[in-house]
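Visitor: I would like to learn how to read a few features of a model. Please take me through them one at a time.

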Amino acid sequence: MKIAIMGAMYEEITPLLEFFKTYETIEYANNRYYKASYQGLELIIAYSKIGKVNASLTASTLIEKFGAEKLLFSGVAGALNPALKVGDLVVATRLAQHDVDISAFGHPFGYIPEGCVYVQTDETLVHIAHRVAKAQGLKLVEGIIATGDQFICDSTKKEWIRSTFQADATEMEGASVAVVCDALHVPFCVFRAISDAADMDAGFSFDEFLVSSAQESAKLILAMLDELKR
Ligand code: SAH
């Protein structure tokens, strides 16, 4: 089986590349894609660069050019749910684009005609993630993720996203990857470890915890692969 593992930033896939050690690098569409194999699984790994447009291009490429049959996203996010602290792991059940606004026409925030506000992740992958996290002693919570092309570092904006989308965490790629995977019928899942609280200190917190939180998320991805190879 061919599995895509995707991050947004270099730091989010580095723990995986360091783990696999040997991989082939392919340059395509202003980006690098890394082919590796792990216990019979073919892996294709990439970081998209930040934001929904880059993430859509990378997810589409992973599927259409490299033939990924499942996609796992690994990265960091800002917490909207006050129960989530730095380092906590979230698996998305559904994702929405918080910066889509055609409410002037009476549509709900996040809604695009012929689409829907939320895209659901693959139930089987979420189920496997829970089993794996439990076996590894990792705390994993399910949540709604709200995605937009903005680094959220403001309490008022944060509360608006939380209350409008009932979202638990916010980031800048997940929902666009979800739209691509959903349209191309590729089962996918988005994992995020909390790097900050999306408040006025978010920038400092992000800089301090990006690497350690990205490692937490990557750890879960590796454990998922052990399960998926069966
Ligand atoms: N420091 C980086 C920019 C990071 S943008 C630079 O200067 O290049 C934040 C990244 O982490 C995005 O990929 C996003 O998905 C995620 N993220 C973490 N916390 C976030 C927050 N509070 N709001 C939005 N995205 C966040």
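Visitor: Is Ser-176 buried or exposed?
Guide: This is a predicted model. The cut-off for buried is under 20% relative accessible area. Ser-176 has 5%, so Ser-176 counts as buried.

Visitor: Where does Ser-176 lie?
Guide: Ser-176 is part of helix α5, residues 174–183.

Visitor: Which residues does Ser-176 touch, leaving aside those up to four places away in sequence?
Guide: Lys-52, Ala-55 and Ser-56.

Visitor: Now helix packing. At what angle do α1 and α6 pack?
Guide: The angle between α1 (residues 10–20) and α6 (residues 202–228) is about 50 degrees. Their axes are 8 Å apart. Angles of 65 to 115 degrees count as roughly perpendicular, and those under 35 as roughly parallel. The pair α1 and α6 is therefore oblique. The crossing is right-handed.

Visitor: Which residues of α1 and α6 meet?
Guide: From α1 come Glu-11, Glu-12, Pro-15, Leu-16, Phe-19 and Phe-20. From α6 come Leu-210, Val-211, Ala-214, Gln-215, Ala-218, Ile-221, Leu-222 and Leu-225. By class, this contact of α1 with α6 has 11 nonpolar, one polar and two charged residues.

Visitor: How do α3 and α6 lie to each other, oblique or roughly perpendicular?
Guide: Take the angle again. Helix α3 (residues 123–136) packs on α6 at about 110 degrees, with the axes 9 Å apart. The two helices are therefore roughly perpendicular.

Visitor: Which residues of α3 and α6 meet?
Guide: On the α3 side they are Leu-125, Ile-128, Ala-129, Arg-131, Val-132, Ala-133 and Gln-136. On the α6 side they are Leu-220, Ala-223, Met-224, Glu-227 and Leu-228. The contact of α3 with α6 has nine nonpolar, one polar and two charged residues.

Visitor: Where is Asn-30 found?
Guide: In the loop between β2 (24–28) and β3 (31–38). Asn-30 has a relative accessible area of 74%, so Asn-30 is exposed.

Visitor: What is phi of His-185?
Guide: Near 55 degrees, a positive value in a residue other than glycine. His-185 sits in the loop between α5 and β10 (188–196). Its relative accessibility is 71%, so His-185 counts as exposed.

Notes: Residues are numbered from 1 along each chain as its sequence is written. This is a predicted model: local features need pLDDT of at least 70, side-chain atom pairs count only at pLDDT 80 or more; totals for chains, interfaces and linings use all residues. Side-chain values use heavy atoms; hydrogens and water are left out. Helices (H or I, at least four residues) and strands (E, at least two) are DSSP runs, numbered from the N terminus. Buried means under 20% relative accessible area, exposed over 50%, partly exposed in between (1.4 Å probe, protein chains only). Contact means heavy atoms within 4.5 Å. Axes are lines fitted to C-alpha atoms, for helices over the stretch in contact, and angles run from 0 to 180 degrees between N-to-C directions. Angles under 35 degrees count as roughly parallel, over 145 as roughly antiparallel, 65 to 115 as roughly perpendicular and the rest as oblique. A crossing is left-handed if the near helix is turned anticlockwise from the far one by less than a right angle, and right-handed if clockwise. Ala, Val, Leu, Ile, Met, Phe, Trp, Tyr, Cys and Pro count as nonpolar, Asp, Glu, Lys and Arg as charged, and the others, Gly among them, as polar.
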